[in-house]
Amino acid sequence: MFKSKLKYSNTPPKASIKRNTFFDDEIFGVAYDQKIILRFGKYLKPFRKQIIYSFIAVLFFSISSVSFPLIIKFTIDSSLYNVTNIDNIFLICIVTFFIGIIVNFISGYFQEIIIGKVGEKVLVDLRKSMFVHLQKVSLSFMDKTEIGRMMSRLQGDVAALQEFLHTITVGLGDLILITGIIFVLFFLDWKLALMMIGVVPTLLLVRIIWLPHARKAFIKSRVTASIVSGALAENINGVRAVQGLTREKVNYSLFEVLAHDNLKAQNIATRFSVIMMPIVDTLTGISLSVIIIGGGFLITKGNLEIGVLVAFILYVQRFFDPIRALTMHYSVFQRAMASGERIFELIDVPIEVKDKANAVKLKNIDGSIEFKNVTFGYIEKQPVLKNISFKINPGETVALVGPTGSGKTSITSLTHRFYDIWEGEIMIGDKEIKSVTQKSLGENVGMVLQEPFLFTGSILENIKYSQSKTTRADIVNAAKAVGAHEFIMKLPKTYDTILEQRGSNISLGQRQLISFARAIVADTKILILDEATASIDSYTEMLIQRALAKLLENRTGMVIAHRLATIRGADKIIVLQDGKITETGNHDELISLGGLYSKMFSLNYSSFDDIPDELIKSAAEETKENVT
Amino acid sequence: MSTKKIPYSKLKAESPNTASGTYVRIIKMGIKYKVQMFFGIIAIFIAAGFQLWIPILIGDAVEKISEIVSESDDATNRSVTTIGLLLLFASSMRGLFTGLYNYMGESIGQHIGYELRLLYYEKLQRLSFSYHSNIHSGDLITRALLDIEGVSMFVRTAFLRTIFMFFLIGTGTYMVIKADLVLGLISLSFIPFVGWRSIEARLKLRSSWYKLQEKMSILTKIMDENMGGIRVVRSFFSQNYEIRKFDSASKETLYLANDQVDIKSINISMISTSFLISMGLVLWIGGLKVINGSINIGELATFLAFMSILQQPVRMLGMMVNAFARGAASGGRLFSVLDMEAEIQEKKGAINLTKAKGILKFNNVSFGYEGERTLKNISFEAKPGHTIGIVGPPGSGKSTIAHLIPRFYDATSGEITIDGINIKDVQLDSLRHLVSVVEQDSFLFTASIEHNVAYGNPWAEDTDVEIASKNTQMYNYIINLPDKFNTMVGERGVSLSGGQRQRLSIARSILLRPKIIVFDDSTSAVDAATEQKIRIALKEATKNRTSIIISHRLSSLMHADEILFIESGEIQERGNHEYLISKGKKYSELYELQIRPKIN
Ligand SMILES: Nc1ncnc2c1ncn2[C@@H]1O[C@H](COP(=O)(O)OP(=O)(O)OP(=O)(O)O)[C@@H](O)[C@H]1O
Ligand SMILES: Nc1ncnc2c1ncn2[C@@H]1O[C@H](COP(=O)(O)OP(=O)(O)OP(=O)(O)O)[C@@H](O)[C@H]1O
Ligand SMILES: [Mg+2]
Ligand SMILES: [Mg+2]
């Protein structure tokens with residue numbers, strides 16, 4: 001039945017869509033872990049009352065369910081043997097039966113609704129726990145994971161638990177039912193009961209053999225499913241690149257292989273759950289025939305009443321039904337355990353960057369920033385910044401320049417404590433950043449990121465973002481300052497225009513302007529601009545700079561730009577190369593130094609034929625002076 | 001070919017009122033699996049047969065046993081044994097065939113899930129930019145994660161089982177009515193009620209599932225953007241704001257989920273109660289009949305056994321109703337995507353353009369995203385070996401021009417030709433092989449550096465990858481990494497600096513040696529010195545190619561053969577550098593700004 005449709009003769013050698021990173025799905029070996037079940041306990045705690053109620057409901061439900069065949073037995077007995085007073089007993093039996101139905105209905109309803117609602121709430125709480133935890137997890141961890149995989153935990157695994165929830169009500173009742181039935185059977189006739197229960201050890205034995213194999217099959221099916229959804233998610237996000245580079249066919253064939261692996265794994269898992277059906281049914285049959293043959297024998301000996309036999313026959317069905325159901329739902333259960341594990345694994349990710357116990361609030365700072373011998377890297381033993389030291393005085397605007405990959409963005413990330421440094425100290429005002437709360441750091445350091453990221457929602461909401469006190473006027477002013485106002489007013493709904501995902505319905509430069517405005521609205525003492533105008537033309541940029549000069553008057557600014565026109569006016573320019581500071585000084589000083597900066601500066605012109613002569617002359621003279 | 005925009009309403013899922021069409025489609029998909037269907041249905045009949053035989057055997061046994069009580073002879077005793085053995089046989093056969101049809105049902109469901117996954121994947125790959133920029137990837141991912149599972153679950157749990165139930169109930173009806181009309185009718189009296197409840201519950205659940213999946217999409221969106229924009233969230237320290245956003249969406253899903261619990265709880269309780277009432281009535285009236293001798297105890301036992309066999313399916317009914325409801329809601333959401341026509345279509349008999357020289361011509365091209373015209377009457381020509389430079393303020397339409405060439409969008413009016421052939425008459429694949437756009441915000445994949453560079457041509461030689469990375473000045477950086485070319489690039493390239501990301505995407509494009517290459521502001525994060533080196537290296541590589549350079553840095557494009565200054569979608573100035581400078585208008589103003597030191 002499973003022949004791959006694809007002739008896989010020419011696998012592209014340099015392609016894969018199956019990602020293999022930090023969070024490996026293969027680590028799920030131990031589903032069924034008792035610890036996992038215990039950990040759910042924490043989430044159940046707030047619902048102690050409801051759980052007690054639901055237990056009572058389950059109890060009543062099971063008792064009434066167990067009692068029906070018993071009542072039937074008495075009814076049959078009464079209609080067969082009790083010649084005297086027949087109508088009375090018969091009637092009592094029937095009335096009891098209908099009372100049982102009412103109890104069954106009420107308890108059944110409450111059992112369903114209480115367990116169902118508690119379960120849904122627990123799922124929502126679990127998802128929230130994951131989400132809240134993700135808000136704290138360090139960037140160094142988040143850098144290594146993919147949204148698609150996280151999502152498969154946040155949505156896929158929670159959904160798997162939900163499926164489990166729908167069967168757990170049934171399962172829980174079944175368990176009590178089985179116990180109740182055994183009880184009643186022994187009460188009715190212990191010999192017959194022993195005959196019937198006799199098959200149970202066989203069932204246990206079968207399960208013991210079956211379990212480890214089945215578990216492996218189920219986990220495999222879950223893992224392959226996760227890989228498939230991960231691959232699908234990435235293709236959706238990168239669909240523009242996929243089409244632009246015409247990778248559709250290759251990706252499809254790679255995806256087909258993954259999907260097919262998943263299909264195969266699912267099929268094998270199904271075989272394991274299905275194989276239990278004939279086994280359980282055969283055992284049911286054995287029980288039935290034992291009861292009938294043995295019971296018949298007992299009846300002929302006059303040791304058993306016919307009603308008891310009928311009750312037994314009915315109980316056999318009720319006894320094995322849940323067992324059969326439990327087997328069928330085993331895959332659901334197994335999946336839930338695997339999912340639970342994946343969920344708790346996420347909740348357990350250690351938080352590297354966190355507030356110290358005695359962290360203080362950063363307030364009334366003067367805005368100075370100091371790096372003291374800072375060394376930092378993303379990968380062990382691969383420092384990206386080496387022994388960096390510099391000081392930015394309050395109110396100064398400092399520019400960071402340097403070739404690509406030299407570590408400029410990394411410096412901004414560290415100023416905001418996205419990562420903890422390996423060595424050295426970073427001071428803001430008179431405080432070490434590790435000693436202040438992250439929240440107060442966020443309130444004092446504003447940032448325009450190199451990659452503008454916008455949220456789905458209106459332009460207004462995007463500029464306002466989390467600043468709840470901001471008024472519409474503030475927003476318009478910020479937009480005017482960055483020169484975004486004009487284009488926003490041209491949009492059909494101006495500030496209320498809805499931006500699609502990541503702002504894909506406006507141009508990149510426009511996105512950059514909005515992300516710039518967002519940082520201005522936050523009104524922080526320190527403002528970091530990481531290539532905030534890289535995708536903007538020089539004319540617009542000049543307008544922004546004029547507005548910015550006013551904005552930065554009482555603030556400390558850290559500006560990164562490749563376009564030297566952007567940074568010429570800075571109070572100080574720091575030149576980075578390979579993670580080291582090679583030059584510091586203002587524009588004129590650096591030009592006269594004749595180092596990297598002046599080289600870059602002239603290169604920016606090198607293709608221009610008409611670099612002003614006087615500029616070259618003065619630069620040359622200054623260099624000479626320096627040398628001498 | 002229409003270039004009309006897809007109205008947003010069409011992007012939305014099928015409304016919850018058209019479920020029957022969804023079922024028909026799912027069933028059609030299922031019927032294709034002939035082998036599984038065939039064996040599944042046969043197994044159903046056999047399993048149902050044995051299932052129905054069991055109560056008869058039980059009734060016989062009880063009757064025989066009660067005869068023993070009065071007569072007690074060996075023959076009946078033996079026949080009880082026979083019945084016992086027959087029961088064993090019937091029971092294990094029922095198990096075997098129930099297992100078999102369940103397996104077939106699962107198999108069909110899994111195959112449909114597999115098929116849907118492939119169809120969905122393929123469809124999303126083919127749908128045009130206009131579709132993708134109007135729909136959130138979180139929404140599409142939710143459909144992939146939850147809705148495919150919804151359909152597959154419907155098929156797995158409800159498809160064959162429905163046939164089984166109908167068959168079981170139908171035959172059962174016949175049998176019990178034949179045995180005793182009154183008792184038979186009573187024992188089946190719960191079925192109409194159950195049918196009515198199920199239909200009603202299914203309707204309610206379907207619209208609830210439909211709403212729930214929509215809300216789930218919103219929740220996914222929020223979580224997706226929270227993680228995608230993690231640096232924004234962290235830099236504003238807006239975690240609490242994000243959690244509040246999450247909470248309000250999450251609350252809505254909880255509200256709907258609780259709604260479902262309400263519907264399901266009352267439904268399941270009522271169904272099983274109606275069943276019990278029928279059973280009680282059978283007991284009552286049957287008991288009376290036994291008392292007055294119109295039926296014997298065996299017959300009553302048959303009825304009761306029959307009912308207890310129905311109990312399991314009745315309990316399953318609640319689950320099936322839910323599966324039906326979810327299947328329709330999920331199926332609707334999936335099919336609405338699968339039914340979308342890609343806006344950009346290849347004509348029948350389209351021309352293969354692989355051998356083209358690459359003479360690109362825009363002829364009075366106009367274009368608008370949403371009604372309004374973004375580009376107005378753009379005309380230019382670019383020949384192999386030539387370079388066109390494009391400058392202009394943000395939002396002037398530069399990237400839009402770039403997107404028209406590989407037909408990511410179709411021009412509203414005017415025509416774009418390559419070697420004189422309208423690009424609408426060209427095979428899409430061959431066009432996109434011919435043209436490569438280095439996107440302004442390029443997407444890197446979570447794969448090794450090597451796989452990223454070779455993304456467009458996974459059969460590329462090692463040396464090609466090396467040359468491409470040397471040309472973009474990435475080689476030295478890469479070989480100094482511990483894993484060299486096998487180093488993993490984080491999601492969207494997080495583990496690279498801005499300039500490295502841009503250079504990697506340039507490398508990815510030049511590896512393909514396209515005839516026409518468009519650099520859309522693709523060196524904005526690269527310093528001038530490195531860019532200079534890249535330009536020199538590329539000069540050789542792009543000698544016979546047509547280049548279009550969009551940039552804000554004039555040094556990148558001042559040597560172009562023609563420079564277009566674009567504003568508000570119109571070409572305001574054109575000509576080479578010297579000419580534009582001499583004109584002394586906008587271009588020269590920009591130029592001044594870039595070369596002159598800021599004089600206050
Ligand atoms: N999250 C990360 N994980 C691993 N390595 C990283 C990460 N971010 C940056 N790097 C590496 O650190 C180095 C410095 O990167 P950084 O982003 O600070 O450079 P940059 O100076 O901002 O460059 P650009 O001008 O290109 O933006 C680069 O070699 C880069 O590959
Ligand atoms: N997907 C879209 N849907 C609707 N409008 C869009 C879409 N993409 C761009 N636009 C609008 O079309 C206009 C042109 O955008 P385009 O991206 O071509 O500008 P650009 O010249 O490349 O700007 P930049 O220099 O900022 O990259 C802008 O006003 C933008 O808001
Ligand atoms: Mg950077
Ligand atoms: Mg653009």
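Student: What domains does the domain assignment give for chain A?

Tutor: Domain bounds come from an automatic or database domain assignment. In chain A, that assignment gives domain 1 (28-347) and domain 2 (369-627). The model is a predicted one, in which local features need pLDDT of at least 70 and side-chain atom pairs count only at pLDDT 80 or more, while totals for chains, interfaces and linings use all residues. Residues are numbered from 1 along each chain as its sequence is written, chains are lettered from A and ligands numbered from 1 in the order in which they are written, and side-chain values use heavy atoms, with hydrogens and water left out.

Student: How many Å separate the centres of domain 1 of chain A and domain 2 of chain A?

Tutor: Taken over C-alpha atoms, the centres of domain 1 of chain A and domain 2 of chain A are separated by 58 Å. Five residues from domain 1 of chain A and four residues from domain 2 of chain A take part in the contact, where contact means heavy atoms within 4.5 Å.

Student: How should I read the area that these two domains of chain A bury between them?

Tutor: Buried area is the accessible area (1.4 Å probe) that two parts lose on being put together, summed over both. For domain 1 of chain A and domain 2 of chain A, the value is about 330 Å², with 53% of it on carbon and sulfur atoms.

Student: How many salt bridges are counted between domain 1 of chain A and domain 2 of chain A, and how many residue pairs are in polar contact across their interface?

Tutor: A salt bridge is a side-chain nitrogen of Lys or Arg within 4 Å of a carboxyl oxygen of Asp or Glu. A polar contact is a pair of N or O atoms within 3.5 Å; within protein, one must be able to donate a hydrogen and the other to accept it, and residues adjacent in sequence count only if both atoms are side-chain atoms. Between domain 1 of chain A and domain 2 of chain A there are zero salt bridges. Across that interface, one residue pair is in polar contact (both at pLDDT 80 or more). On the side of domain 1 of chain A that touches domain 2 of chain A, one residue is nonpolar, two are polar and two are charged. In this scheme Ala, Val, Leu, Ile, Met, Phe, Trp, Tyr, Cys and Pro count as nonpolar, Asp, Glu, Lys and Arg as charged, and the others, Gly among them, as polar.

Student: Which domains does the assignment give for chain B?

Tutor: Chain B is assigned domain 1 (17-338) and domain 2 (360-599). Their centres, taken over C-alpha atoms, are 56 Å apart. Six residues from domain 1 of chain B and five residues from domain 2 of chain B make the contact. The two domains of chain B bury about 400 Å² between them, 58% of it on carbon and sulfur atoms. Zero salt bridges are counted between them, and zero residue pairs are in polar contact across their interface (both at pLDDT 80 or more). Helix H5 (residues 129-134) of chain B gives the most to the side of domain 1 of chain B that touches domain 2 of chain B, with four residues. Helices here are DSSP runs (H or I, at least four residues), numbered from the N terminus.

Student: How many residues does each chain put into the contact between chain B and chain A?

Tutor: Chain B gives 182 residues and chain A gives 185 residues. About 17000 Å² is buried between the two chains, and carbon and sulfur atoms give 65% of this area. B:Tyr114, B:Tyr121 and B:Phe236 supply 5% of the area that chain B buries against chain A, more than any other three residues.

Student: Which polar features cross between the chains?

Tutor: The count between chain B and chain A is seven salt bridges. One pairs B:Arg94 with A:Asp281, whose closest N and O atoms are 3.2 Å apart. Helix H10 (residues 239-291) of chain B provides the largest share of the side of chain B that touches chain A, 32 residues. That side of chain B has 86 nonpolar, 60 polar and 36 charged residues.

Student: Why is the site of ligand 1 shared between chains?

Tutor: A residue is near a molecule if one of its heavy atoms lies within 4 Å of it. The site of ligand 1 is shared because residues from chains A and B surround this ligand. There are 23 surrounding residues, the closest being A:Thr409, A:Ser410, B:Tyr477, B:Gly499 and B:Gln500. Oxygen atoms of ligand 1 lie 2.5 Å from a polar side-chain atom of A:Ser410 and 2.9 Å from a polar side-chain atom of A:Gln450. A polar backbone atom of A:Lys408 is 2.7 Å from an oxygen atom of ligand 1.

Student: Where does ligand 2 lie?

Tutor: Ligand 2 lies between chains A and B. It is surrounded by 20 residues, of which the closest are A:Ser507, A:Gly509, B:Lys398, B:Ser399 and B:Thr400. From chain B, a polar side-chain atom of B:Thr400 lies 2.4 Å from an oxygen atom of ligand 2, and one of B:Gln440 lies 2.7 Å from an oxygen atom of ligand 2. From chain A, a side-chain N or O atom of A:Gln510 is 2.9 Å from an oxygen atom of ligand 2.

Methods:
Helices (H or I, at least four residues) and strands (E, at least two) are DSSP runs, numbered from the N terminus.
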